[in-house]
Amino acid sequence: ANMGVTNVAAKATKHEMQQLADEMGGGAIRSDILMKSQMAIGKEIGTNAKLNKKDLVTMNRLVNQGKLRMETAAKLAKISVRTGKSLKDMTKEIAGASKAQQMKNGLVLNEMDIMDDVANISDLLALNLGESSTKMAEAAVNARKFGINLAQAESMSKSLLNFESSIQNELEAELLTGKSLNLEKARGLAMDGKSMEAAAAMLEQVGSSQKFADMNVYAQEALAKAMGMTSQEMAKSLKDKEALIKMGAE
């Protein structure tokens, strides 16, 4: 019933998953996770959609070994179907690009978080990145470097494109914080669909968490609003960014 198909079809799928588990063997292949994987794929792609056996087994291994969350694996599988790459190759590319970008920036990140960020990327941002798993992984790492994720970066970038309100928010933030802001470069990047670069150009002007904490509540809210964030989101991003820098140094 959970699969949105008849009991006969569900039993047939269950039997098929058991046969696949028996065929592949090994403790990393479990029929119950194969079944859950198939259900998750059905939810993401379509009720009766099925992955090829190779990708389904890859998905099973990654989930069973604790390397991916089920929902994340299903979303990545959806992207792999769209791009024509195998799930195994795509996850390897994401992991490799993520590690390389972390080393380049002296970061230590949770790989599951990067996989989550790539899995939840919007169709528009994925398109702007050429649907390249390498570029998506690099963008996800660059976002985390600033204490945000790709979804937040895209939201911040979009806020800049409402020119009238964005410029007004920028002027109010300057008045209340005494800071000199210049978001023109960020607006240009946002217009080009470069969400991560736009968000970075914004956050580079914010300063430290201590300086943010020293502001009064009105100034905090104004600065965050100019960046397309809430004051709570900004406080978290600053603390997370500084924690990552500290972890990288250690």
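Analyst: Happy to. The largest cavity, a separate feature, has a volume of about 30 Å³, and a search of the whole structure finds one cavity of 30 Å³ or more. Please keep in mind that this is a predicted model.

Now to the pocket you asked about. The largest pocket holds about 410 Å³ of space. Its lining has 16 residues, and those nearest the centre are T58, L62, K67, T91 and K92. By class, the lining of the largest pocket has seven charged, six nonpolar and three polar residues. Helices α3, α5 and α6 (111–119) each give at least two residues to this lining.

Two of these helices also pack against each other. The axes of α3 (residues 53–64) and α5 (residues 87–105) come within 8 Å and cross at roughly 45°, which means that α3 is oblique to α5. On the α3 side, D55, T58, M59 and L62 make the contact, and on the α5 side L87, K88 and T91 do. This contact of α3 with α5 has three nonpolar, two polar and two charged residues. T58, L62 and T91 belong to the contact, and they are also among the residues nearest the centre of the largest pocket.

Back to the cavity for a moment: F146, L203, S237, L238 and K241 line it. Helix α15 (residues 231–249) provides the largest share of that lining, three residues. By class, the cavity lining has three nonpolar residues, one polar and one charged.

Methods:
Residues numbered from 1 in each chain as written. Predicted model: local features only at pLDDT ≥ 70, side-chain atom pairs only at ≥ 80, totals over all residues. Heavy atoms only, no water. Axes fitted to C-alpha atoms, helices over the stretch in contact; angles between N-to-C directions. Helix = DSSP H or I, 4+ residues; strand = E, 2+ residues; numbered from the N terminus. Parallel < 35°, antiparallel > 145°, perpendicular 65-115°, else oblique. Contact = heavy atoms within 4.5 Å. Nonpolar A, V, L, I, M, F, W, Y, C, P; charged D, E, K, R; others polar. 1 Å grid on protein atoms, 1.4 Å probe; cavity = no way out; pocket = protein on both sides within 12 Å on 5 of 7 lines; lining within 4 Å. Points joined across faces, edges and corners; volume = space filled by probe spheres on them.
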